[in-house]
Amino acid sequence: METQSNNKKVLPLVSTLVVTLLMMIILTSMPLPVQALAITFNKSNFHDPLKIDNKYFPLKPGTIMIYNGTDEDGKSMSDIFTVTNDTKEIQGIITRVVNDSAFVEGDLVEPTADWFAQDDNGNVWYMGEFTTDLTNKKNPHEGSWEAGVKGARAGIIMLAEPKVGDTYEQEFAKGEAEDKGTVLSLNENVSVPYGSFSNVLKTKDFSNLEPDIVENKYYAQNIGEIKELIVKGGSEEMTLIQINGTGDNNTG
């Protein structure tokens with residue numbers, strides 16, 4: 001009779017342990033919590049907007065970053081990202097002009113001028129872009145926008161202190177540009193032709209305008225973007241192969 005009594009005491013304890021273990025498995029397999037950030041844009045918070053030294057997105061004039069890759073059809077692609085000395089005033093803020101030129105099979109298909117500024121807290125803001133799609137005869141400047149024009153507003157291309165789960169608006173021009181990003185990791189190990197890097201920031205980039213496309217981007221400290229890969233809705237991949245100019249600061 002005493003053995004039966006002990007068994008009755010043990011069974012509830014075992015059941016409790018099983019339930020606890022099951023709950024732990026469920027919780028650890030759940031996706032990371034997403035925290036939508038609402039950082040207020042205020043032009044009074046930009047005292048030195050051209051000093052863009054965010055560790056994941058530094059923009060030093062004279063830097064030329066070259067990327068190679070392939071599209072979903074297997075065609076070779078390249079991209080040349082040039083940080084210029086040019087500036088453009090947008091909403092009372094002096095922004096840095098970056099020329100981003102995309103090539104397919106060696107032919108220029110899309111030259112773009114991007115405009116960036118860094119606030120006093122270290123967030124890098126995306127203030128707009130003027131793009132020309134040379135393959136689009138009907139509307140070659142589709143996707144162009146400028147903060148403060150026709151309801152468009154500035155977004156954040158890189159947070160000052162990104163944390164896993166942070167989701168932020170990168171750009172907003174209704175019907176033209178509605179990209180967002182989510183921080184997935186801060187400790188990736190990534191190798192590209194330019195070098196191997198640790199503690200790499202990984203993001204998930206997506207847009208309400210193209211809900212079937214998801215892209216991962218990878219940013220190395222003191223370098224910037226080193227890789228981008230479409231993980232849903234395509235198979236394009238681009239990797240950093242070279243840095244020229246004064247921004248050549250590969251630390252590996």
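# Burial, salt bridges and a pocket in a predicted model

Biologist: What is the relative accessibility at which Glu176 counts as partly exposed?

Modeller: This is a predicted model, with residues numbered from 1 along each chain as its sequence is written, and in it local features need pLDDT of at least 70, side-chain atom pairs count only at pLDDT 80 or more, and totals for chains, interfaces and linings use all residues. Side-chain values use heavy atoms, while hydrogens and water are left out. Buried means under 20% relative accessible area, exposed means over 50%, and partly exposed is in between, with a 1.4 Å probe and protein chains only. Glu176 counts as partly exposed because its relative accessibility is 36%.

Biologist: Is Thr84 buried or exposed?

Modeller: Thr84 lies in strand 3 (residues 76-90). Not counting residues up to four places away in sequence, Thr84 touches Pro61, Arg96, Val97 and Asn99. Because its relative accessible area is 10%, Thr84 is buried.

Biologist: With which residue does Lys88 meet in a salt bridge?

Modeller: Side chains of opposite charge can pair when their charged atoms come close, and a salt bridge is here a side-chain nitrogen of Lys or Arg within 4 Å of a carboxyl oxygen of Asp or Glu. A search of the whole structure finds 4 salt bridges, and in one of them, at 3.9 Å from N to O, Lys88 takes part. The pair links distant parts of the chain, 58 residues apart, with Lys88 in strand 3 and its partner in strand 7 (residues 145-146). Lys88 is partly exposed at 27%, and its partner is Glu146.

Biologist: How far apart are the closest N and O atoms of Asp205 and Lys217?

Modeller: Asp205 in strand 12 (residues 195-207) and Lys217 in strand 13 (residues 214-220) are 12 residues apart, and the pair links distant parts of the chain. Asp205 is buried, with a relative accessible area of 8%, and Lys217 is buried, with 17%. In the salt bridge that they form, the closest N and O atoms are apart by 3.7 Å.

Biologist: Which strand gives the most to the lining of the second largest pocket?

Modeller: On a 1 Å grid over the protein atoms alone, a pocket is an open set of points where a 1.4 Å probe fits, with protein on both sides within 12 Å along at least five of seven lines, and lining residues have an atom within 4 Å of a point. The second largest pocket holds about 170 Å³ of space, and of the 11 residues that line it, the closest to its centre are Ile39, Trp125, Ala154, Gly155 and Glu169. Strand 8 (153-158) and strand 9 (166-169) each supply at least two lining residues. With 4 residues, the strand that gives the most is strand 8.

Biologist: Which residue in strand 10 stands opposite Ala154?

Modeller: Because 5 of its 6 residues are buried, strand 8 is largely enclosed by the rest of the structure. Strand 8 runs antiparallel to strand 6 (residues 124-131), joined by 3 bridges, and two strands pair if DSSP finds at least two bridges between them. Trp125 stands opposite Ile156 in strand 8. Strand 8 also runs antiparallel to strand 10, joined by 2 bridges, and the residue opposite Ala154 is Glu171.

Conventions. Contact = heavy atoms within 4.5 Å. Points joined across faces, edges and corners; volume = space filled by probe spheres on them.
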